[in-house]
Amino acid sequence: MAKNVTFRQIIHRIRAGEISPIYFLSGSDAYLQDFFLKELHTAFLQSAGEKKQYSMDMDSPQKLISDLYEGSLFVTKRLFVVREIRKFKSGQDDLLHYLQSPDSNNCLVIVNEEFSSKSKFLDNIKN
């Protein structure tokens, strides 16, 4: 999906079933984040599958990486929401590797609440 598309365009694409395996949300507007996640949940999971939430200030980066790569005996769609990504310290290379070839049964949403935060890791995720 193209970079820097409008929020409205993304919602239209999601509703049309054009779902990317990875989304990067930047900013602190909780209402828009919740709206986006509800739309994505409805379109991607379609009342089946599971939603997993992680906060990198409390959850282990290794747990996230393990869950992303975990295979399922049954094809189950999984929606991963990762908050506080700037606090993701160990395993950065593993996450960047996953972003290069994500599992088509997964949809990963990375949320950076601090729009102005700068780091090489965040720049790599955006790219």
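Tutor: One term before we start: a helix here is a DSSP run of H or I with at least four residues, and helices are numbered from the N terminus. Also keep in mind that this is a predicted model.

Student: Which helix is Arg15 found in?
Tutor: Look for the run that covers residues 7–15. Arg15 belongs to that run, which is helix 1.

Student: Is Arg15 buried or exposed?
Tutor: Exposed means over 50% relative accessible area. Arg15 has 51% relative accessibility, so it counts as exposed.

Student: Which side chain makes a polar contact with the side chain of Arg15?
Tutor: Leave out residues up to four places away in sequence, and Arg15 touches Phe35 and Glu39. A polar contact needs a pair of N or O atoms within 3.5 Å. For the side chain of Arg15, a polar contact at 2.9 Å is made with the side chain of Glu39.

Student: Zooming out, what pattern does the protein chain follow along the sequence?
Tutor: There are 5 helices and 4 strands in the protein chain. Reading along the sequence, you get α-β-α-β-α-β-α-β-α.

Student: What radius of gyration does the protein chain have?
Tutor: The C-alpha trace spans about 35 × 35 × 25 Å along its principal axes. A compact globule of 127 residues would come out near 14 Å, and the protein chain agrees with that, having a radius of gyration of 14 Å.

Student: How far apart are the centres of the positive and negative side chains?
Tutor: The protein chain carries 17 positive and 16 negative side chains. The distance between the centres of the two sets is 4 Å.

Conventions:
Residues numbered from 1 in each chain as written. Predicted model: local features only at pLDDT ≥ 70, side-chain atom pairs only at ≥ 80, totals over all residues. Heavy atoms only, no water. Helix = DSSP H or I, 4+ residues; strand = E, 2+ residues; numbered from the N terminus. Rg over C-alpha atoms; globule rule 2.2 N^0.38 Å. Lys, Arg positive; Asp, Glu negative; His and termini not counted. Charge placed at Lys NZ, Arg CZ, Asp CG, Glu CD. Buried < 20%, exposed > 50% of the residue type's maximum accessible area, 1.4 Å probe, protein only. Contact = heavy atoms within 4.5 Å. Polar contact = N/O pair within 3.5 Å; in protein donor to acceptor, adjacent residues only side chain to side chain.
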